[in-house]
Amino acid sequence: MDNVIAESRDVTLLEILDRVLDKGVVISGDIIISLAEVDLIYVGLKVLISSVETMERLRGAPFAGAMEEPT
Amino acid sequence: MTGMNIYAYAIIDSIVQFDDCITGMEGKIVFNIPYRDIGVVVSKFGEKIQNVTKDHVLKHEEVVEKLMRRFTVLPIRFLTQFSHEEDVLLMMQAFYNDFRENLDRVRNKVEFGVKIIWSGVKVNNHTMVACRKSDTSIRFLGSSPSRSFVKEKFEKYKAHKEFGEEVERYVSLIDDFFSRFAVEKKLEKLKTDKLLLAASYLVEKERQEDFKDAFKRARKTLGDLKFLLSGPWPPYNFVVLSRKTDMYDKKSPCWNISSEGEI
Amino acid sequence: MTMDRVVETDFPQDFVEEIEKVQGALPGRIDANPQNVERGLAKLVLTLVELIRKLLEKQAMRRIDAGSLTEEEIERVGETLMRLENKIHELKVIFGLEDEELNINLGPLGDLM
């Protein structure tokens, strides 16, 4: 596993991460489908987004103690 | 159909299939799934991507930028994956109007990022000293605890206000160099004490060089500031979706209040 | 892997430091391990009270700045704000929140305060 934290100290990578991690087309697991602007169906898409942990690792953000995610 | 994973890179303004092979993450081929007159560019994986590293990030960005050379693109957030093809189409159906509108808006345009660091702390101290010197004491005669309390609060308030005005002045000064070459902009002021400005500008492709020249001029003129320019990027900061998204964003602590240890 | 894109600066490390602060800042506020519902509710309520306190304080400062409060009013306002601030602090201590910043992340709208 790469030492992503050390590698993150590159300004180009950080500029990329700044955009790619939470900008652009951002879609969650749920959408509302409508016809003629009337909201009809509420759909749970099977959209897999990485966990917050993965994103933090890529950003090189430290794991604060309070961050233990319950399993 | 278990174990299928469709990884999405971007929405493009085209239904064509790619003649040449574009390889995406983990060596998988990148192809276009058309929907009406637009498409979503994806790769198929056997299962969810394991051990995400910076190489995945770089590869993702590389694919999007390659697409940007030939098409109008709306970049999709990193690691957006679908486990059913139907879901991809449902997504396209739900967001078609948004995508269509955004594609039309960003056609032939690129994003540039400008970041500015200043010696913010020095400026703030100077402002506070200036405020202390001004005649706040007249308004606060007497020395009861509540008066001292208010006096202190007021001094802080004034300093904060002056500081805010200074920030506005600087940002406006900087923005003046760039905004005339941009069709849209997004300015974030003081994200940290030192990061005076983090700006994104949507610039027409033909005006790229003008924009870069403006950067050089700004950097030369405002010598006491530190400048960063990045780009051209796909229009990450200029995609606007009207529908509710990210309802279950794990970053939002609101969801933790009533839960009993989940999320 | 040739890119048209450039990242140009004379101060890469300064920017690395600041951008990392920005990117690291968000997750820090997550209380990922709420022990009990009550504490969560208390935090929410106190956050809102704190918001109101801040708004009242700001409004008072504006009026003092504009010169529209009398000496006596300033005295009374000061007294009230002081007591309110102390009270909130007391409550924070009672609920074990004194080291925490009372704030709510509103997602795309940013932080409440």
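**Exercise 1.** Leaving aside its neighbours within four places in sequence, which residues is B:Y9 in contact with?

*Solution.* The structure is a predicted model, in which local features need pLDDT of at least 70 and side-chain atom pairs count only at pLDDT 80 or more, while totals for chains, interfaces and linings use all residues. Residues are numbered from 1 along each chain as its sequence is written, and chains are lettered from A and ligands numbered from 1 in the order in which they are written.
Step 1: two residues are in contact if their C-beta atoms, placed from the backbone, lie within 7 Å.
Step 2: with those neighbours set aside, the contacts of B:Y9 are B:G24, B:V30, B:V41, B:V42, B:H60, B:V63, B:V64 and B:I76.

**Exercise 2.** State where the largest nonpolar core lies.

*Solution.* Step 1: a residue is buried if 20 or more other C-beta atoms, placed from the backbone, lie within 10 Å of its own. A nonpolar core is a set of buried Ala, Val, Leu, Ile, Met, Phe, Trp, Tyr and Cys residues joined through C-beta atoms within 7 Å.
Step 1: the largest such core has 72 residues, and B:Y9, B:A10, B:I11 and B:V114 have the most contacts inside it.
Step 2: domain 1 (5–107) and domain 2 (110–238) of chain B both contribute residues, so this core lies between them. These bounds come from an automatic or database domain assignment.
Step 3: a second, separate core of eight residues includes B:V150, C:A60, C:I64 and C:V77.

**Exercise 3.** Describe how the two domains of chain B meet.

*Solution.* Step 1: the centres of domain 1 and domain 2 of chain B, taken over C-alpha atoms, are separated by 36 Å.
Step 1: six residues from domain 1 of chain B and five residues from domain 2 of chain B take part in the contact.
Step 2: on the domain 1 side, helix 1 (54–70) and strand 4 (73–75) of chain B each supply at least two residues; helices (H or I, at least four residues) and strands (E, at least two) are DSSP runs, numbered from the N terminus.
Step 3: helix 1 of chain B gives the largest share of that side, three residues.

**Exercise 4.** Describe the surroundings of strand 6 of chain B.

*Solution.* Step 1: in strand 6 (residues 109–117) of chain B, nine of its nine residues are buried.
Step 1: two strands pair if DSSP finds at least two bridges between them. Strand 6 of chain B runs antiparallel to strand 8 (residues 195–204) of chain B, with nine bridges joining them.
Step 2: strand 6 of chain B also pairs with strand 9 (residues 226–233) of chain B, in the antiparallel sense, over six bridges. The bridge partner of B:V114 in strand 9 of chain B is B:L229.

Conventions:
A residue is buried if 20 or more other C-beta atoms lie within 10 Å of its own, exposed if 12 or fewer, and partly exposed in between; C-beta atoms are placed from the backbone.
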